[in-house]
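Please read them with the structure open.

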Amino acid sequence: MTEPAGSAHARGAREPLVRLEDVHKWFGNLHVLKGVDLTMDQRDVVVVVGPSGGGKSTLLRCVSMLEVPTIGRVFFEDRDITDVRANLNEVRTHIGIVFQAYNLFPHMTTLRNVTLALEKVLDLPNDEAHDRAMDQLAKVGMGHKAGAFPGQLSGGQQQRVAIARALAMRPKVMLFDEVTSALDPELVGEVLEVMIRLAVEGMTMMVVTHEMGFAREVGTRMLFLDDGMVGEEGEPKEMFRNPKSDRLRQFLEKVL
Amino acid sequence: MAVREAPSIEPEVAPDVRGPTAPLPATIFALGIAALVVIALGVVVSQLNYALSDRVLTPNCRQEQISPEDNGAIGVCNIVEALEDPLTTGALYLGIGLGVLALVLGASTYRRMDSKRRRDQAITGAVLGSQAVLLAIAILWFRSATPGLFAKHFLNFADLQGYGSAFVRGARNTLILAFAGEMGGIVIGLVLGILVLSQRRAVRAPARTYINFFRGTPLIWQLVTGYFLLLFGFGIRMSAFVVAIIVFALNTGAYAAEVFRAGIQSIERGQIEAARSLGMSYFQAMRYAIVPQAVRRVIPPLMNEFVILIKDTALVVVLGLTANEYDIFTTAREGQSATFNATFFTVAAIAYLIVTLPLIRLVNAAEKRLRSGLVGIAGAGG
């Protein structure tokens, strides 16, 4: 795939935050990613769309090495994190992930969900972790539920806590893996709202989503992933208005 | 569709296919209960009647090889005679009659009962009736053979006088063996359970070998071999009681490992991914996210293992325990070999039940609570 002309390699301007180089992924005989290249710069909001089974989630999970590429390399701030010597635990503190199924720890309160990694991974003192967590929970509108357990919250509330949990680590990039897909329709808005604000504040984000409105309005760049390959890539509004490939046109017709 | 569109047809009433309603559901239910009650009362009352009054050794009993020299011979004879008593006989046959009646009536009419409650009454009556019939037949069969010989060996409590404190001590030792073994087993099991889940074969293989070995060989062999391995193999002279605790811990560890493995595997994959994506190491993720959740889920199966271990401690009978180390079963065996009276084992069974029945209830309650608790956790995930 050709890389889009952009500021990414304008020498000295700024290093790409994330760079994927010819990433392939096999699950057994299943070839899920077939050579994907991708760069993400600071403040990029890369939205990834495409038919299910196209490898969107796998691609996102490769960025934080939750899936290890079978072939290809992943760079974070120009460090090759596919290298076995890479300290993934350290790298992952800079990469926040929010999952479709929230994956909050059900045996801990909302607050403990957020403070756990602050204390155990970042080694923050308890009171500092507490303050940072409360601050972050307030920002997603969940400060009043700090003492609640995940099972007592709605899906939208749980997802906002999950976002707060990831943000409290002060990551350099946030990955969102179909975070609204499991939600009842009336709860989608509250989660998207948090994500929009985050984008406006300048967070670098990768968003795998089926919310086409969000992709068009918030994305700074869109990736159409089809059958494990980047089918088309560009500015979202332009891609919606004027899809170049038949596959993208067909896809957009189906989902819009 | 065509029928629906024709407006001229009058609204139809569903044809009544139920047929006439059957009578007497409560009577069938009462018959079933009565059948069981009659049998129970007949047997118990005549047993009490004989037990509480002075009797002599009847010729009938002598015929069943109960001799006057036997300690408690009259008590045993009373059991036999009460079984032959007309009151018992009458109750048994009356019970059979009532039970058959409930069974026939219930089975033939329950389909025609006009409410769920009445149908349940008819079915329950038939079931209770058939249980009464089977019970009565079993008792008739038992008394037609040589109940005296059985009673002489297993229901002769005369020799047990003075053994009360021994059984209490036995119960205490049984619980010490089982509890200490279980605690050791849980620690071993947690470690092994995590090891067998390793990605690395070199880590997995020894743990798997250990588990398969202890699950695959008889506990009685492990006890005997463990004792002599320590003594001859390593030159360690230890009390058989302590050796038993060690072997129980090693054995339970293998089973607990499987319980922990299954418990850890039952935690959704997303949990470890969430923990790892926050920068936690594998062991941090295990320690803070996975194991605390798994522990909740493994409590009922581990309690179940504990109940099994309580019974398995009886195997220490093959080791040379000193008298104050005797467990329930060894106490019974010693009593039996001193008196040639197997009633000690009957009492041992009762002693085990006193310990295990409350625990079994506790396991069931814990399982029930966990099931309802899991609904909450599942709701949080999806």
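This is a predicted model: local features need pLDDT of at least 70, side-chain atom pairs count only at pLDDT 80 or more; totals for chains, interfaces and linings use all residues.

1. Chain A has a mean pLDDT of 92. In that chain, 95% of the residues reach 70 or more.

2. Over residues 1–12 of chain A, pLDDT stays under 50. The model has 14 contacts beyond four places in sequence for this stretch. Among the elements of chain A, strand β7 (residues 173–177) has the highest mean pLDDT, 97. Helix α9 (residues 246–255) of chain A has the lowest, 92.

3. Look next at the open sheet in chain A. Four strands build it, in the order β2-β1-β4-β5, with antiparallel pairing. Strands β2 (30–40) and β5 (79–80) of chain A sit at the edges, and each pairs on one side only.

4. Within the sheet, check β1 (residues 18–27) against β4 (residues 71–76), both of chain A. These two strands run antiparallel and are joined by five bridges. For a place to look, H24(A) has I71(A) in β4(A) as its bridge partner. Helix α1 (residues 56–63) of chain A packs on the sheet and touches β1, β2 and β4 of chain A. The helix direction makes about 125° with that of β1(A).

5. Now chain B. Where is N156(B) found? This residue lies in the loop between α7 (147–154) and α8 (164–195) of chain B. N156(B) counts as buried because its relative accessibility is 7%, and the cut-off for buried is under 20%. Leaving out residues up to four places away in sequence, N156(B) touches N71(B), G72(B), V76(B), A151(B), N341(B) and T343(B).

Terms used:
Residues are numbered from 1 along each chain as its sequence is written. Chains are lettered from A and ligands numbered from 1 in the order in which they are written. Side-chain values use heavy atoms; hydrogens and water are left out. Two strands pair if DSSP finds at least two bridges between them. Contact means heavy atoms within 4.5 Å. Axes are lines fitted to C-alpha atoms, for helices over the stretch in contact, and angles run from 0 to 180 degrees between N-to-C directions. Buried means under 20% relative accessible area, exposed over 50%, partly exposed in between (1.4 Å probe, protein chains only). pLDDT is the predictor's confidence in each residue, from 0 to 100.
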